Structures are given as structure tokens and as C-alpha cells.
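Subject: Structure handover

Hello,

Here is the structure I promised you. Please open it beside this email and follow along.

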Amino acid sequence: MSADGKYLLAIDQGTSSSRAVLYDHETRVVASAQQEFPQHYPQPGWVEHDPEDIWRSVEAVVRETIAEVDAAEITGIGITNQRETTVIWERGSGRPIHNAIVWQDRRTADRCEELRGRGAESDVTSKTGLKLDPYFSATKIAWLLDNVDGARQRAENGELAFGTIDTFLLWRLTDGVVHATDATNASRTLLFDIHDQRWDADLCELFRVPEAVLPEVFDCAADFGTTSRELFGAELPVCGVAGDQQAALIGQSGFANGTTKSTYGTGCFVIANTGNQALTSHNQLLTTVANRLDGQVTYGLEGSVFVAGSAVQWLRDELGLIASASETEAIARETGVVEDVVVVPAFAGLGAPYWDPHARGAVLGLTRGSGRNEVVTATLQAIALQTFDLVDAMADDGIRPSVIRVDGGMVGNDWFLQFLADILDIAVERPENVESTVLGAAYLAALARGVIASIEATAGLWQCERRFEPQMQAGLRDRLLAGWAAAINRARSRA
Ligand code: ADP
């Protein structure tokens with residue numbers, strides 16, 4: 001393959017919006033577009049997307065992004081996507097048989113509980129690196145096959161295709177020619193053996209997923225087919241795919257063993273690169289495929305917190321304490337570190353390292369003098385304290401980063417990043433380009449098309465915009481950590 005062309009196109013299909021960014025070969029942004037799409041909550045705990053909305057939004061943002069350039073000059077397309085979200089469609093018509101079941105959806109919690117009760121979890125975890133949790137795709141696939149009329153039979157007959165969002169987009173982009181995914185997305189389904197790098201027949205049987213529905217699994221930089229000419233005016237190679245958090249690690253040039261990134265959007269996701277070792281966590285963290293390039297697998301240790309930036313939205317939308325997210329910075333600066341009030345934003349239960357779906361949020365330590373400023377500041381602190389729990393769990397598993405690279409919408413908040421460095425007692429680095437996820441997808445496309453010689457070459461492109469050094473007095477830090485641990489115990493359902 002050669003680097004004929006001028007541009008790289010990256011598609012970031014996220015949970016609440018779809019984005020496209022056009023870069024030149026030096027990964028400078030040429031154009032971008034973003035579009036939100038509707039969320040569906042048919043029952044409490046259920047979250048769905050209409051795959052046609054997703055497709056329309058992707059088509060629209062790509063068209064808008066490339067409107068000013070000659071499409072034939074696009075060297076390649078990289079895709080990154082919300083992970084685990086499950087779509088099943090008809091191979092014949094390309095029509096989805098049902099809405100997509102989104103990663104946040106809890107409808108299969110009982111099924112997971114039942115399988116855990118039968119002692120299935122240890123085998124599942126040793127093969128997949130994941131937990132037996134509704135978060136991942138397998139039980140969502142079975143739910144669709146069991147709840148859409150005739151679907152199971154049609155799946156057995158080979159009439160239906162399953163895909164995470166990357167796979168669905170590839171199918172649509174290539175006009176039904178390619179049914180494929182990459183190893184990072186496959187590693188989030190509960191059906192993929194991350195050590196052998198293949199779908200596992202026993203897991204398919206356990207979760208009642210016919211192998212006939214599964215896509216082929218490729219490296220992250222590979223030939224994923226070409227877009228049909230009618231779509232964007234030229235046949236464009238799709239040549240990079242990675243799940244959003246893995247793409248963010250790539251966008252942060254996290255190729256060295258031990259490199260750790262933390263993304264602060266709606267939720268918070270920490271991934272540490274563990275090289276060619278699939279580390280088993282003793283602290284309920286996940287083992288996942290960080291990337292697979294030239295058949296070489298790099299593993300990651302991952303911890304996620306469901307509520308991060310969404311706690312700031314809660315301050316704004318539910319409590320009405322702030323008018324905009326960015327106001328939190330001035331409030332926290334004026335208030336200073338809050339010791340008495342502790343906010344535990346466990347609105348959707350607690351993720352790693354607790355995995356307590358029944359925990360709920362709490363505000364503790366209120367006194368007559370506590371007001372808006374304390375609650376706002378304590379909420380920012382809570383997001384950092386949740387990160388501490390993840391990083392502490394990683395340290396206990398043997399991963400102790402000396403610096404953490406951050407990205408996502410919240411990292412514009414300098415006060416938050418200073419507090420984060422203080423509470424972690426680790427330096428925090430904010431890159432020039434905080435759009436790591438979409439950049440990671442562009443890097444993969446660049447690699448596949450020979451625009452860059454190796455993925456490591458992107459390390460030279462990574463630039464630190466600001467480094468936050470820990471500077472908190474140890475006594476204060478200890479008190480905050482003790483107060484946090486006590487508050488978490490109060491919020492847990494089985495403390
Ligand atoms: P996502 O990709 O998950 O939609 P983003 O990476 O765009 O999220 O980040 C948006 C989140 O960051 C929102 O939840 C918002 O409340 C929060 N946020 C944005 N700016 C700030 C800020 N200056 N301080 C605190 N939180 C912020």
C-alpha cells in the first residue's frame with residue numbers, strides 16, 4: 001500500500017454523537033463535524049439506539065467533513081466507536097432486526113447473575129479478561145435472538161449478522177461486502193479468547209450465540225474493504241478500527257509498556273499498556289486487547305467509572321447549582337479543597353474496582369455551613385478520588401505509572417487536573433491535542449496506508465501542553481482518602 005492522497009479521515013461513533021475529522025498527513029485537523037442522535041430508554045435500565053440514526057449521522061458528518069476536498073485524495077479511513085453496543089441485522093437486506101442494545105443497558109443482569117450462580121464466571125474471565133456483566137455484548141446478542149420473532153432460527157440458518165458498531169458501519173460503508181471487526185472490539189464481547197485471538201466455541205455455547213452470526217476478526221490496521229463509490233464520490237479504503245478507549249490510548253501514543261491514559265468524558269476510563277502480557281487483575285479490573293498490529297497483541301489493564309463528567313451535568317441539570325460545566329473551575333478555586341463534604345456519584349452503581357450495581361449516590365458530611373460551593377468542589381474531587389481507586393487497584397496488580405496522560409471534555413479544567421495529580425500523587429500530563437480517541441483512529445489508518453512507517457513513529461507527534469505535578473501536603477491527602485473510603489462504604493449496597 002502507498003500513501004497516495006493527502007488526507008486521513010477518522011470517524012468517531014460515540015454514545016451520544018457521531019464525529020468525523022479530516023486530517024492532513026501530518027495529522028493537522030483540516031475539517032470536522034459532529035452530530036448528536038436520539039437515545040431511547042424503553043424501560044428503566046434499558047438503553048437503545050436506532051442503528052439507522054447512527055448510520056445517518058455518520059453519513060452526514062462524513063459528507064460535511066469532506067465537502068471542501070476531493071474525496072479521491074483521502075488516503076484512508078479509520079473508525080473508532082462506542083464499544084460493546086450490539087446490533088443484529090439481516091445479511092440479505094442490511095436491515096437491523098431491532099434497535100441496538102447500548103453498553104449501558106442492564107436488561108440482561110439477571111441472566112448474568114444466573115450464569116454466575118452456575119459457576120461460569122472464572123472460565124469466562126480467564127478466557128476473555130472480562131467480568132460476567134451485562135455491560136458486554138454476549139448476553140445482549142442472546143436477548144435479541146430470544147426476543148425478536150424467529151431471530152434465533154434465522155441466525156442458525158446464517159441469515160443474520162451480529163456486530164458491534166464498528167462492524168455495522170463497515171457493513172454499511174462497504175455495501176454489505178465486509179463483515180469484520182478488529183481485535184479490540186472483539187475483546188469486549190465475552191465471546192473472544194484474548195489469549196488465542198479467536199472466537200471461542202464453548203463461550204458461544206454458554207451464551208447461546210450461534211457462531212454463524214460472528215464477524216471475522218482483523219488487526220487494528222488492516223484492509224477492511226473499500227467504501228462504495230456512490231457513498232462519498234470515490235472508493236475509499238477503510239483501514240483502521242479500534243474501540244474508543246483503545247483508540248484513545250493509541251492517540252496518546254501509549255505504546256510503551258506501563259503507559260497509562262485516563263479519559264474524562266461522560267464516564268472515566270483508565271487503561272494501562274501491559275505489553276505482550278495479559279495481566280490478570282486481583283482487583284476486578286479488566287484485561288483487554290489494547291491493540292493488535294501485524295498480528296502482535298498488546299494488552300491493557302482497564303478500569304472504568306460510569307459517572308465522571310455526567311456528575312458535572314448533574315450539578316447543572318438536576319441540582320441547578322451551576323449554569324455551565326466550566327463554572328466548576330472558578331468555584332473550586334475560590335472554595336479550595338473541601339474536607340468535610342464528600343459526594344459519591346454512584347448514580348448507576350459502582351464500576352471498578354467495586355462492581356456494585358446496587359450502590360447509589362450519596363452526599364455525606366453536610367453541616368449548616370455547607371453550600372453550593374462545597375458540593376460543587378466535592379463533586380470534582382469525587383471524580384479524581386474514583387480515579388484514585390482505579391489507579392490504586394492497578395498498583396496492587398503491579399502497574400505503577402509515573403505519569404498519567406489525560407484527555408476528554410473535562411480536562412479543560414485545570415483545578416480538577418491539579419487535584420487529580422495531588423490525590424494520585426502522580427504527575428498528570430495534558431497533551432496539545434486532547435481529542436485522543438479520534439486521533440487514534442487516524443493513526444491506525446495512517447499506519448495501514450504507509451503514511452507512517454510504524455505506530456511508534458507517532459510518539460514524536462505527541463506534545464505535552466501542561467504537566468501538573470503533585471504538591472499536596474501528605475496529611476491532607478491522607479485525610480481526604482480516608483474520608484473517601486468511609487463514604488464509599490456508606491454508599492455500597494453490601495459494604
Ligand atoms: P463524551 O465524549 O462522553 O460525550 P466529552 O469528552 O465531550 O464527553 O466531555 C463532556 C463532559 O465533560 C461533560 O459531562 C461535561 O459536563 C464535562 N465538562 C466539560 N467541560 C468541563 C469543565 N471545564 N469542568 C468540568 N467538567 C467539564
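Which residue forms a salt bridge with E84? The partner is R188, and the closest N and O atoms are 2.8 Å apart. One caution before going on: this is a predicted model.

**Salt bridges**

Stay with that first pair. E84 sits in the loop between β5 (74-81) and β6. R188 sits in the loop between α7 (183-186) and β10 (192-193). The two are 104 residues apart, so the pair links distant parts of the chain. Are these residues buried or exposed? E84 is buried, because its relative accessible area is 2% and the cut-off for buried is under 20%. R188 is buried as well, with a relative accessible area of 0%.

The pair also belongs to a network. R83, E84, R188, D244 and E302 are linked in it by salt bridges. In total, the count comes to 40 salt bridges. Side chains of opposite charge can pair when their charged atoms come close.

Next, look at helix α3 (residues 121-128), which holds both K127 and D123. Their side chains meet in a salt bridge, at 3.7 Å from N to O. They are four residues apart, about one turn of the helix. K127 is buried, with a relative accessible area of 14%. D123 is partly exposed, at 40%.

Now find R430 and D414. Their salt bridge brings the closest N and O atoms to 2.7 Å. R430 is in strand β21 (residues 427-431), while D414 is in helix α14 (residues 414-424), so the pair ties together parts that are 16 residues apart in sequence. Both R430 and D414 are buried.

**Aromatic rings**

The count here is 14 aromatic pairs. One of them is W89 with F168, an edge-to-face pair. The rings are 5.4 Å apart, centre to centre, with 65 degrees between the planes. W89 lies in strand β6 (residues 87-90) and F168 in helix α6 (residues 165-173). They are 79 residues apart, and the pair links distant parts of the chain. Both W89 and F168 are buried.

How are the rings of F218 and F224 arranged? Their centres are 5.4 Å apart and their planes are at 50 degrees, so this pair is tilted. F218 and F224 are both buried.

One aromatic cluster is formed by W103, Y135, F136, F269, F306 and W355.

**Charges over rings**

Two arginines are worth a click. R107 lies over the face of W46, 3.8 Å from the ring centre. R405 lies over the face of W462, at 3.5 Å from the ring centre.

**The cavity**

Rolling a probe the size of a water molecule over the atoms shows where empty space is left. The structure holds one cavity of 30 Å³ or more. The largest cavity has a volume of about 90 Å³.

Best wishes

Key. Residues numbered from 1 in each chain as written. Predicted model: local features only at pLDDT ≥ 70, side-chain atom pairs only at ≥ 80, totals over all residues. Heavy atoms only, no water. Phe/Tyr/Trp six-rings, centres within 6.5 Å; stacked < 30°, edge-to-face > 60°. Buried < 20%, exposed > 50% of the residue type's maximum accessible area, 1.4 Å probe, protein only. Lys NZ or Arg CZ within 6 Å of the ring centre and 35° of its normal. 1 Å grid on protein atoms, 1.4 Å probe; cavity = no way out; pocket = protein on both sides within 12 Å on 5 of 7 lines; lining within 4 Å. Points joined across faces, edges and corners; volume = space filled by probe spheres on them. Salt bridge = Lys/Arg side-chain N within 4 Å of Asp/Glu carboxyl O.
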